[in-house]
Amino acid sequence: MAQSLETIAKALEARVAGDLSIMIASASEPHTAAPDQIALAMDPKYLDKIREGRARAAIVPEGTDWRGLGLEGAIFVTRPRLAMAGLSKAFDPGPEIAPGIHPSAVIDPSAEIGIGAAIGPFVTIGAGVRIGARARIASHVSVAEGARVGDDAMILQGVRIGARVVIGDRFIAQPNAVIGADGFSFVTPEKSGVEEIRQTLGKREEIREQHWTRIHSLGTVEIGDDVEVGANATIDRGTVRATSVGRGTKLDNMVHLGHNVQVGEDCLLCGQVGVAGSTRIGNRVVLAGKCGVSDNIFIGDDVIAGGGTNIYSNVPNGRVIWGSPAVKMETQVEAQKNIRRLGRLFTQVAELRETVTRLAQKGDTE
Amino acid sequence: MAQSLETIAKALEARVAGDLSIMIASASEPHTAAPDQIALAMDPKYLDKIREGRARAAIVPEGTDWRGLGLEGAIFVTRPRLAMAGLSKAFDPGPEIAPGIHPSAVIDPSAEIGIGAAIGPFVTIGAGVRIGARARIASHVSVAEGARVGDDAMILQGVRIGARVVIGDRFIAQPNAVIGADGFSFVTPEKSGVEEIRQTLGKREEIREQHWTRIHSLGTVEIGDDVEVGANATIDRGTVRATSVGRGTKLDNMVHLGHNVQVGEDCLLCGQVGVAGSTRIGNRVVLAGKCGVSDNIFIGDDVIAGGGTNIYSNVPNGRVIWGSPAVKMETQVEAQKNIRRLGRLFTQVAELRETVTRLAQKGDTE
Amino acid sequence: MAQSLETIAKALEARVAGDLSIMIASASEPHTAAPDQIALAMDPKYLDKIREGRARAAIVPEGTDWRGLGLEGAIFVTRPRLAMAGLSKAFDPGPEIAPGIHPSAVIDPSAEIGIGAAIGPFVTIGAGVRIGARARIASHVSVAEGARVGDDAMILQGVRIGARVVIGDRFIAQPNAVIGADGFSFVTPEKSGVEEIRQTLGKREEIREQHWTRIHSLGTVEIGDDVEVGANATIDRGTVRATSVGRGTKLDNMVHLGHNVQVGEDCLLCGQVGVAGSTRIGNRVVLAGKCGVSDNIFIGDDVIAGGGTNIYSNVPNGRVIWGSPAVKMETQVEAQKNIRRLGRLFTQVAELRETVTRLAQKGDTE
């Protein structure tokens, strides 16, 4: 699937110069590039590396003297990561799933499979399922009864989609993700220790032996258009209403969304983020890796949280937070600085106490 | 599967009033309820919403003026979450798995499958496995040689049960959970850096290059009755004895139990909790989301840990803990308050130093 | 698969005494040992327990009076955990996978399967795949187009190996691990909030609504010899170059390696560790459970991090670190001690302020 330099430049909507007919098979870092690879040197610091490789063409910053680097052609970009998006899309072969339905797949006769769908080996599709047009469903996927998936889905190996889950168009799910497991919701006949300390902030009365009774998840999961879910991520169904993920939101590997959670649009939830039950997250929120969010709270629009942040209470719109418990990023940076300086503070206070004791004694003896 | 209001009230062991013959198909939040749905208004703050929906019957707190809300019938509850447990059980259709054994399943002839079991497509069941009566095993599950699962199990898609694992009755496993993976246990020919710093608390002698040799897991996993395991959770086998999970304990999604871990009865381990090897956890312990527990320690009965707590040492019975490292919750709250006040403390000490220097000089010059 | 005491001693390269012909079927803790089990009493504190069980032979420390414990034979060891490695290997039956290729497996005609390989039910192997000799591939595994796996692999149930992934010899993957999912890499047309606060350390200009565009993962994953990957762990493919894991490195359950990450040789990454994109980790690094590592940083050789450590910046070779943010372990221990002492410090400073005010007033009135 080699493409001409001209075709690639058009895909990137970028300016191109030199021999537009050079055929490019794939992309490479500059120093390892073969003659049929385009060298990625969007950052000026990589321009020197072009001579170490054998690329005929490269992607370079605007204004680069490409001929001086020994190139025969060049594409010019101003926002490197955006160019990378277009370029990587152009060269991604995608997963190989043969057209049509693999004979081993077990598909309920009442399921509707969209035109142009490709369904791999050992897939199960339950009663009343609706799969959109051009869906690509890799091997070992299960889609349970009544679920709906929109057009142009790419659902990779071993993904589990639970009963009655509703998913929009252009959905991408990485291997072994689980959409629509039962929520983690239990109750004891009488007030539990957890309920008690939530009210008393830590104090407990007499401890009673009690068993946990399951609250079943009658709700489902609703996912908007253009959502992606990472490998081994999990989204639990709601108790009565649906757990929901808004249009354009992306979940990384091992992200966990509890029952009834509502995530807004265009959010990024990075690797191993966990959101406990019934919490609402606004639009364009970015939670870096390993953030934890308590249950039943509200995270406003445009919040950004640094890696490993634990959020225990509501966060207003637009706030940048970090730490455990989460506070404003500058507050956290200041707190850490203060903690590092504590040793000296203890010394100073000890010295002060000595001096003041001496001064006080002197005053008394005068 | 519509049920009469009377039937539902009996299932909840709750008082009912009005037209007992109203047929209810499912439950709903009050404002979106259709005429065949029961409105959930256990909390007084939701009573107003009943008029916004079209429910004929509702679940309401004792003493509610249900006729005044336009209802034709009502069920009265005192502990809403407990009522929700009964109600959700009554309305949960459960996963659709056809009765009998799907022809695609690969079942060793020496396996014993209990009466009334339903086994889905692409399931594998190894030699000598014993599955109890009425088990429901969804598609893509593997149960390896010699494993035993009790009666009334619900094992969802893609769950892995390892060789010789023993599980009690009424077991529930959400999709892609892994019970009985090998433990993470390695040794170097000579003392490793990790062993050294555990003794010296951080100091290291000469660093040697060494490879890791595997300690195989000969033990298995033993799980009591009424245990649930979340999606993508993992429980490793023991080295010699079994890793064990006590009766009535519930593990949420992505919980990890290392080799030899022993968890007691009626515990709740929430999303993404991790417990390292050989640690023992008592009964009725609740670990909120993302808690981490070090290896080879002991957590007493009735311990409750807040979200994101990291536990590095033994915890006595009944303690409520929070933070990293874990301390009593009130100690943690106090420490955080103190840290927030540090900026002012630094200022005060700086001022004191100035004043005291001045006083000391004055004293000297007098 | 019973073995004589002599055979076991040879496998352990250990000194043996007494009746070398005793047949041993498996290993046990001393107090529960049956006559055909060898009692594990490598630690002197377990020697007393031998009499509680019925073992005829035991593994004991050098110098133990084994006859005095009622044993008929004994193996002597100096480094117990190392002995356990040899012993557990000798007794591990491994997973039961029938020789040859199960008829239900879907294997592309262009794939090359090594001599002596055993491939279980419902396995899929894509076009151009190369699997080494003696590989054992359990049920429900998928190996996508162009992937290569070396000799003597053990790939357990439900593992996903993505397209063009390259793996060395003696690879072990626990159930449902995912090697080669797409990286989590997105870009907005204009500068995103995350890019902005990385430069300003928290300050933000006007917030703009923007959508995320996917950067596809064209790179792959390269894994050296003797690597193990835990259950439900995930390793994402690189953007252009490969994500890589060096020879001898072991990843525990639910470890996540982001795109472009490079992990060196002989590392141990324990349960639920997460490493964000493009970070490089040296050789012999040990990250205890739940450690998080930011993107685009460098962790030197022989670094050891305590459980729950969050690493936000480069770490030099050989450093032992702990905490969030990570600092030298002794610095962290000191900081925690200081925080615990803060209450007293506040009291002391308050008292000092009173005394000094009094002294100053006294000085003024004199």
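Buried residues are those under 20% relative accessible area. The legends below describe close-up views of a predicted model.

View 1. An α-helix has 3.6 residues a turn, so residues three or four places apart point the same way. After helix 3 of chain A comes Gly202(A), which has a positive phi, near 125°.

**View 2. The interface of chain B and chain A, seen from the side of chain B.** Chain B brings 74 residues to this contact and chain A brings 80 residues. The two chains bury about 5900 Å² between them, with 64% of that area on carbon and sulfur atoms. Arg79(B), Arg81(B) and Phe346(B) supply 11% of the area that chain B buries against chain A, more than any other three residues. There are 28 residue pairs in polar contact between chain B and chain A, both residues of each pair being at pLDDT 80 or more. Several elements of chain B each supply at least two residues of the side that touches chain A, among them strand 4 (26-28), helix 2 (80-91), helix 4 (329-340) and helix 5 (342-365). Helix 5 of chain B gives the most to this side, with 12 residues. By class, the side of chain B that touches chain A has 34 nonpolar, 21 polar and 19 charged residues.

**View 3. Salt bridges between chain B and chain A.** Three salt bridges are found across the interface of chain B and chain A. In one salt bridge between these chains, the side chains of Glu195(A) and Arg79(B) meet at 2.7 Å, N to O. Side chains of opposite charge can pair when their charged atoms come close.

**View 4. The interface of chain C and chain A, seen from the side of chain C.** Here 80 residues come from chain C and 74 residues from chain A. The area buried between chain C and chain A is about 5900 Å², and carbon and sulfur atoms give 64% of that area. Phe184(C), Trp212(C) and Leu218(C) supply 11% of the area that chain C buries against chain A, more than any other three residues. Across this interface there are three salt bridges, and in one salt bridge between these chains the side chains of Glu195(C) and Arg79(A) meet at 2.7 Å, N to O. Polar contact joins 28 residue pairs of chain C and chain A, with both residues at pLDDT 80 or more. The elements of chain C that each supply at least two residues of the side touching chain A include strand 21 (178-181), helix 3 (193-200), helix 4 (329-340) and helix 5 (342-365). Helix 5 of chain C gives the most to that side, with 10 residues. The side of chain C that touches chain A divides into 35 nonpolar, 26 polar and 19 charged residues.

**View 5. Salt bridges between loops of chain A.** Over all chains the count comes to 37 salt bridges. One of them joins Glu265(A) to Arg247(A), with the closest N and O atoms 2.6 Å apart. This pair links distant parts of the chain, 18 residues apart, since Glu265(A) lies in the loop between strand 30 (262-263) and strand 31 (268-269) of chain A, and Arg247(A) in the loop between strand 27 (243-245) and strand 28 (250-251) of chain A. Glu265(A) is partly exposed, at a relative accessible area of 32%, and Arg247(A) is also partly exposed, at 25%. Arg284(A) forms a salt bridge with Asp302(A), the closest N and O atoms being 2.8 Å apart. Arg284(A) lies in the loop between strand 33 (280-281) and strand 34 (286-287) of chain A, and Asp302(A) in the loop between strand 36 (298-299) and strand 37 (304-305) of chain A, so this pair ties together parts that are 18 residues apart in sequence. Asp302(A) counts as buried, at 8% relative accessibility.

Conventions: Residues numbered from 1 in each chain as written. Chains lettered and ligands numbered in written order. Predicted model: local features only at pLDDT ≥ 70, side-chain atom pairs only at ≥ 80, totals over all residues. Heavy atoms only, no water. Contact = heavy atoms within 4.5 Å. Buried area = accessible area lost by both parts, 1.4 Å probe. Salt bridge = Lys/Arg side-chain N within 4 Å of Asp/Glu carboxyl O. Polar contact = N/O pair within 3.5 Å; in protein donor to acceptor, adjacent residues only side chain to side chain. Helix = DSSP H or I, 4+ residues; strand = E, 2+ residues; numbered from the N terminus. Nonpolar A, V, L, I, M, F, W, Y, C, P; charged D, E, K, R; others polar. Buried < 20%, exposed > 50% of the residue type's maximum accessible area, 1.4 Å probe, protein only.
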